[in-house]
Amino acid sequence: MPAPQLRSRKALTELKPGTVLVVEASDPMSVIDIPHMCNEDGHELLAQDKTGDGLRFTIRRGAQKTQGDQVIRAAIRSISAASATSSAVSPPASWVESVTSTVR
């Protein structure tokens with residue numbers, strides 16, 4: 001999962017519903033990944049703008065927390081812990097399937 005999308009998802013799970021998050025990203029694939037994440041997770045993409053160095057997304061946190069939030073938080077903690085000890089992280093296929101099916 002791309003870093004801007006993962007970091008945005010993490011930040012959104014920690015916000016109260018209705019809170020607005022502004023994300024700045026230099027990854028050109030964010031133009032696809034961030035809107036897709038918003039659609040999948042029930043958040044509202046308020047604006048998408050080009051900046052001098054990349055892209056800016058304004059996202060409103062969805063009204064209800066999903067069961068996927070808990071799975072995502074656990075996954076983020078796992079990735080963060082693994083990243084601290086290794087520069088390359090490959091989650092097991094079963095973990096990826098679990099997160100994908102829960103988030104959808």
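So, to start: which residue forms a salt bridge with R60? It's E44, with the closest N and O atoms 3.1 Å apart. By salt bridge I mean a side-chain nitrogen of Lys or Arg within 4 Å of a carboxyl oxygen of Asp or Glu.

Quick housekeeping before I go on. This is a predicted model, where local features need pLDDT of at least 70 and side-chain atom pairs count only at pLDDT 80 or more, while totals for chains, interfaces and linings use all residues. Residues are numbered from 1 along each chain as its sequence is written, and side-chain values use heavy atoms, with hydrogens and water left out.

Back to that pair. R60 sits in strand β3 and E44 in strand β2, residues 44-50, so the bridge links distant parts of the chain, 16 residues apart. Helices (H or I, at least four residues) and strands (E, at least two) are DSSP runs, numbered from the N terminus. R60 is partly exposed at 32% relative accessibility, and E44 is partly exposed too, at 41%. My cut-offs there: buried is under 20% relative accessible area, exposed is over 50%, and partly exposed is in between, with a 1.4 Å probe and protein chains only.

How many salt bridges turn up in a search of the whole structure? The search finds 3.

Next one: E24 with R56, closest N and O atoms 3.1 Å apart. E24 is in strand β1, residues 20-25, and R56 is in strand β3, residues 55-60, so this pair ties together parts that are 32 residues apart in sequence. E24 counts as exposed at 58%, whereas R56 is partly exposed at 30%.

Then there's D41 with R9, at 2.6 Å between the closest N and O atoms. D41 lies in helix α2 and R9 in helix α1, residues 3-13, so here too the pair ties together parts 32 residues apart. Both ends are buried: D41 has 12% relative accessibility, and R9 has 5%.

That brings me to α2 itself, residues 30-41. Its 12 residues reach 16 Å from first C-alpha to last, close to the 16 Å expected at 1.5 Å a residue; the expected span is 1.5 Å times one less than the number of residues. Which α2 residues are buried? S30, D33, I34, M37, C38 and D41. After α2 comes G42, with a positive phi near 80°.
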